[in-house]
Amino acid sequence: MAPIGWSEFIYLGMGLGLGLGSSVIWRRRQKSSQQPEPAPKVQPPPQEIHLEKFDALSEQLKQTQLAYQMASEMSQFKAGFLARTSHELRSPLSTMIGTLQLILSDLCDDPAEEREFVEQAHVAALKLVKLIDEIISVAKTEHGTDRMDIEPIQLAKVFDEVDDLTYLQAANRGIRLEILPPDPGIYVLADLPRFRQVLVHLVDTAVAQMEEGSISVSAHASPESGCVHIWVDDQRSVSGWSESWDLLKHDLECDATKSSDNSQVSSGMRLLMNQTLLSLMSGKLEVLAVPSESEECNFNRTQCSIPLATL
């Protein structure tokens, strides 16, 4: 028997390697054939893709329009506040300068007239200081220097305090004031001193601009909107109503002649301050009913909205 050479061992190894490789490949193919093929991904029709993109763009456009509208309203409100503040500061300053110039120019007929001019300048100075204090107070609150203490407040308690602070002024002017007590279970989220101040100002402004008639204050809870609507119904004349609300178009130069008491801040300025304070408490101040020239009996409704507290 001839001896086995190296070449035979090489051929033998190659044969075994080919056999093992073929066996492994065959087993893998058998396993892969037994496994189910993954289902192909179903792509949505092109029309549905376009509709989804369109809906997303529409929603984004709505949000952008809403943000623009809010920014525009805030800008208009700030412009009105600045215009009214500038006028309010200029009016007492002009009075002071005018009366003092008359005195310095020796245009007074006698010491009594000179003293009268000095008293007018003094009243104007007090009004200016009072106005600056109120503007600074509102500005500090808006800036956050004076923090608001927002907490649940019983609305019936606030109405009682407003009644105590306003009934005497209404009675002295012959105005019938009716503050209807709300449900004792109604609580609102507000800062008590500032919220009371807003309601008192609304009633005081209506009383000051009325010669006769009645004022009614009532509350109406709206759980679906999460707010309590406070209605101040009065019978002011058309001129008094428009002076308060038409803040941007109204001729500010006419205010001094219409005001019977130069020591008081105008109703337009009061209104702007109330709007600012309510907005800082997540509230809102708006008009619901405006009198017309043809109406025999004027009816005005101011709505003050404040968040409803859930206890």
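Reader: Is Cys304 buried or exposed here?
Author: Cys304 counts as buried because its relative accessibility is 1%, where buried means under 20% relative accessible area, exposed over 50% and partly exposed in between, with a 1.4 Å probe and protein chains only. This is a predicted model, in which local features need pLDDT of at least 70 and side-chain atom pairs count only at pLDDT 80 or more, while totals for chains, interfaces and linings use all residues. Residues are numbered from 1 along each chain as its sequence is written, and side-chain values use heavy atoms, with hydrogens and water left out.

Reader: And what about Cys108, buried or exposed?
Author: Cys108 counts as buried because its relative accessibility is 17%.

Reader: How many disulfides are there?
Author: A search of the whole structure finds 0 disulfides, a disulfide being a pair of cysteine sulfur atoms within 2.5 Å.

Reader: Back to Cys304, which residue is in contact with it?
Author: Phe195 is in contact with Cys304, and also with Leu155, Val158 and Ile230, among others, once neighbours within four places in sequence are left aside; contact means heavy atoms within 4.5 Å.

Reader: New topic: how do helix 4 and helix 5 cross?
Author: The axes of helix 4 (residues 155–172) and helix 5 (residues 192–208) come within 10 Å and cross at roughly 35°, the axes being lines fitted to C-alpha atoms over the stretch in contact, with angles from 0 to 180 degrees between N-to-C directions. Helices here are DSSP runs (H or I, at least four residues), numbered from the N terminus.

Reader: Which residues meet there?
Author: Among them are Leu155, Val158 and Phe159 in helix 4, and Leu192, Phe195 and Arg196 in helix 5.

Note on methods: Helix = DSSP H or I, 4+ residues; strand = E, 2+ residues; numbered from the N terminus.
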